[in-house]
Amino acid sequence: MSAVKTFRVCAPICLLVLAGCASSPPETVATRTEVCKASSEAEIAGLFDRWNQSLQTGDAKQVVANYAPKSVLLATVSNTPRLDAAQKQDYFEHFLENKPRGMIDSRTIELGCNTAVDAGLYTFAFGKTGATVKARYTYTYRWDGTQWLITSHHSSAMPEK
């Protein structure tokens, strides 16, 4: 059989096969279903209180326990992003030396499915020095199936004094 005859016979068959593939329903793809934890603004506001209480212990490990394993800390008084537990612990060991206590001045809380954002303004008073620092903050949280953990924490001193 010549190449031209083979092409004339095979081409329509190939087109039919390709057309059939295109019109077939795609294979069933497993869809991700996520059960959303019911939450409230009061519950999310309480997460700052939990974090602030861990500061009062003076134990950096207790503060770091509030953070998810994969999280970022962009701290008020450090130029270094803290990406793992050891880096966060190093930051808090120094931060805690001045006996900080945070107070929320204003906030906005946004609730999502197993996520939440708490952003606003806070003031830190330092028991050791008597100094205060006003700052902006954003905490993002994720429900890990057991507890809310911080996935990102950004804090920056107010630019105008």
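**Salt bridges and nonpolar core of a predicted model**

Student: Is aspartate 118, which meets arginine 107 in a salt bridge, buried or exposed?

Tutor: The side chains of aspartate 118 and arginine 107 meet at 2.9 Å, N to O, and the pair links strand β3, which holds aspartate 118, to strand β2, which holds arginine 107, 11 residues apart. Arginine 107 is partly exposed, with a relative accessible area of 30%. Because buried means under 20% relative accessible area, aspartate 118, with a value of 0%, is buried.

Student: Which strands does the salt bridge between aspartate 105 and lysine 134 link?

Tutor: The closest N and O atoms of this pair are 4.0 Å apart. Aspartate 105 is partly exposed at 43% relative accessible area, whereas lysine 134 is exposed at 53%. The two residues lie 29 residues apart in the chain, and the strands they link are β2 (residues 100–111) and β4.

Student: Which element gives the most to the largest nonpolar core?

Tutor: The largest nonpolar core has 27 residues, and those with the most contacts inside it include Trp51 and Leu55. Several elements each supply at least two residues of this core, among them α2 (41–56), α4 (85–95) and β3 (115–126). The element that gives the most, with six residues, is α2.

Notes. Residues numbered from 1 in each chain as written. Predicted model: local features only at pLDDT ≥ 70, side-chain atom pairs only at ≥ 80, totals over all residues. Heavy atoms only, no water. Core = buried A, V, L, I, M, F, W, Y, C linked by side-chain atoms within 4.5 Å. Buried < 20%, exposed > 50% of the residue type's maximum accessible area, 1.4 Å probe, protein only. Helix = DSSP H or I, 4+ residues; strand = E, 2+ residues; numbered from the N terminus.
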